[in-house]
Amino acid sequence: MIALTLAEAAKAVDGTLDAADPDAVITGAVVTDNRRIEPGGLFVCVLGERVDGHEFAAKAVADGAVAVLATRPVGVPAILVDDVVVALGRLARAVVARAADVRIVALTGSAGKTSTKDLIGQLLTKHGETVFPAGSHNNEIGHPLTALQVAPTTRHLVMEMGARHKGDIEYLTGITPPTVGLVLNIGTAHLGEFGSKQGIADAKGEMVEALSADGVAVLNADDPLVRAMSSRTKARVVLFGESQDAHIRATDVRLDATGRPQFTLSTPAGSAPVQLRLYGEHHVSNALAAAAVAVELGMPVDRVAEALGEAGALSRWRMEVVDRADGLTVVNDAYNANPESMRAALRALATMAGKGPERRRTWAVLGEMRELGEDSFDEHDAIGRLAVRLDITKLVAVGGREAARMELGARNEGSWGEESVLVSDADAAIELLRSQVRPGDVVLVKASRSVGLEKVADALLADGAAK
C-alpha cells in the first residue's frame, strides 16, 4: 500500500493513538487475519460472529505489525476508533486519494460479477500495473482491504461491488470513486431482500449515479433495466451486448465442441476474432463488458481480443472444469447460484454433452437457490423443467423443500421416471453418483454457497486423478 505514518492514518480514520509512535510508518499490508501479518503491516481487529480480532492484537504486533486498528486499548500500539469497519473504509479512501494516477473500474450486477472482474483484471494487467481482488471481496470489509493494496505505481484498480441492501453500492463507491462504472445485468439474486427486479435495479444503479461527468458508464444494451440507467448518470454512456446499437458488440457467436464461445468483437475502433477459454455462452456478455472497459481505458482492439483468448478462470468453483483420467468431466460451479446463473450453467452443460452417437451423458447436481423470496418455489420448479428441455440425462436435486420443487418440476415437464431424483444432502448425492456415473460423463455441481455442494465435486475428483 501507499505508506502512511500512524499519525496520518489516525487522522484519516478520525481515531486516536494509544501507546503508539505517531511517526511509525505503515509499510506492509492491512489485514484482518493475524496469520497474514507481515512486517510493517496494520492489523484490523474486526469483531466477528465467532472471533474477536482484539484477542489477537498482541500476537499481530509480535509478528511484525506496526500497530492495530481497534475499538479499545489492547496493550500494544493501536489506533482507536468507534467502529473498525467504518474506519477501514476511511483508511482505504485516504490511500486511494493519494494515488492520483490510478483509474478505478467498479462493477456490479446480479450474475457474473466475479468472472467479469477476473477478465477485466487480466486484460488491464497487460495495459499497466493493476490491482484486483482474488475471489469475491465485494463487501464493506473485503472492498477496502483490496483498495489498500494500491501502490504509487498502480495504474488500474478493479473493484467488484455487491449489494444486499439499498445504499450498499453508494457506500462502496464512496470509498473508491469510479472512473468507469459497469453494470452487467439485473436478475433475481437477493429478490427476497429487494422485493422486485426494479428494486434490484434501483440499488445497482447507484453505481452510475456515483460517476462524475468525465466518467464512463458501461451498460448492458441487452438488459432493459440496465440500459435504462443511462438516464441516471452524468457520465458518458457506452453500451455493450449483441444489440445492433451497442458500441461494443459480439457477432457470429458460436460454441466449440467443448462449450467454449467464439465470436467477433466489434468496436468503433475495429474488429477482431475472439476464442474464449471459459465455458458457456453466458461468458460472451462478460467478455464484452470486459472489452468495453479495456477499450475505454486505451487498449487496442487486437490486444483486447488476444488477452480475452488468454484469460482463464481465476476464482474457485465458478464453472471450474476438470477432467479425470478416466474421462469423467466435473464442472464445479458451486460458489453460488441464482436463476440466471443456474440457467446459464445448464445450457453450458447441455453444450458440453455434444451431439450424435458420441453424445455424453450429463448430470445436473443442483441445490437450493436462496434469497428468492416468494418466487422461490416457482424459480426452482422452472429450473427442473429447463433441465428436461435441455435433455440433461439426469437431475439430482439436493436438499429440502426447494430441491423437491425442482425435482417435481422436472417430473411434471416430461416422462422422466428415474431421470430425476431427490436426495437429502451432499453425502447422499456423492453416494448416488459413485454408484452410477461412468467414464465420459459430465457432472455439473451448482447451488447457493451456503449449501456447500463443492463437497460433491471434490469427492468425484478425489475418486480419480485429474488429467
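This is a predicted model: local features need pLDDT of at least 70, side-chain atom pairs count only at pLDDT 80 or more; totals for chains, interfaces and linings use all residues.
**Notebook: where domain 1 meets domain 2**

I then looked for salt bridges across the interface of domain 1 and domain 2, and the rule finds 0.

Which elements of domain 1 give two or more residues to the side that touches domain 2? I found β4 (30-31) and α3 (84-98). By class, I noted 5 nonpolar residues, 1 polar residue and no charged residues on that side of domain 1.

Next I looked up the bounds. Domain 1 runs over 4-87, domain 2 over 99-310 and domain 3 over 320-465. The contact between domain 1 and domain 2 takes 6 residues from domain 1 and 5 residues from domain 2. I read 33 Å between the centres of these two domains, taken over C-alpha atoms.

How much area do domain 1 and domain 2 bury between them? I have about 420 Å², with 77% of it on carbon and sulfur atoms. In domain 1, the residues that lose the most area to domain 2 are V30, T32 and V85. Together they make up 79% of what the domain 1 side buries.

Last, I went to the record. An unreviewed UniProt entry carries the annotation "domain: Mur ligase N-terminal catalytic" over residues 30-76. I looked at the chain over residues 30-76: it is 13% helix and 19% strand. The end C-alpha atoms of this stretch are 16 Å apart.

How values were computed
Residues are numbered from 1 along each chain as its sequence is written. Side-chain values use heavy atoms; hydrogens and water are left out. Domain bounds come from an automatic or database domain assignment. Contact means heavy atoms within 4.5 Å. Buried area is the accessible area (1.4 Å probe) that two parts lose on being put together, summed over both. A salt bridge is a side-chain nitrogen of Lys or Arg within 4 Å of a carboxyl oxygen of Asp or Glu. Helices (H or I, at least four residues) and strands (E, at least two) are DSSP runs, numbered from the N terminus. Ala, Val, Leu, Ile, Met, Phe, Trp, Tyr, Cys and Pro count as nonpolar, Asp, Glu, Lys and Arg as charged, and the others, Gly among them, as polar. UniProt positions are given in the numbering used here, feature names are shortened, and annotations may be inferred rather than shown by experiment.
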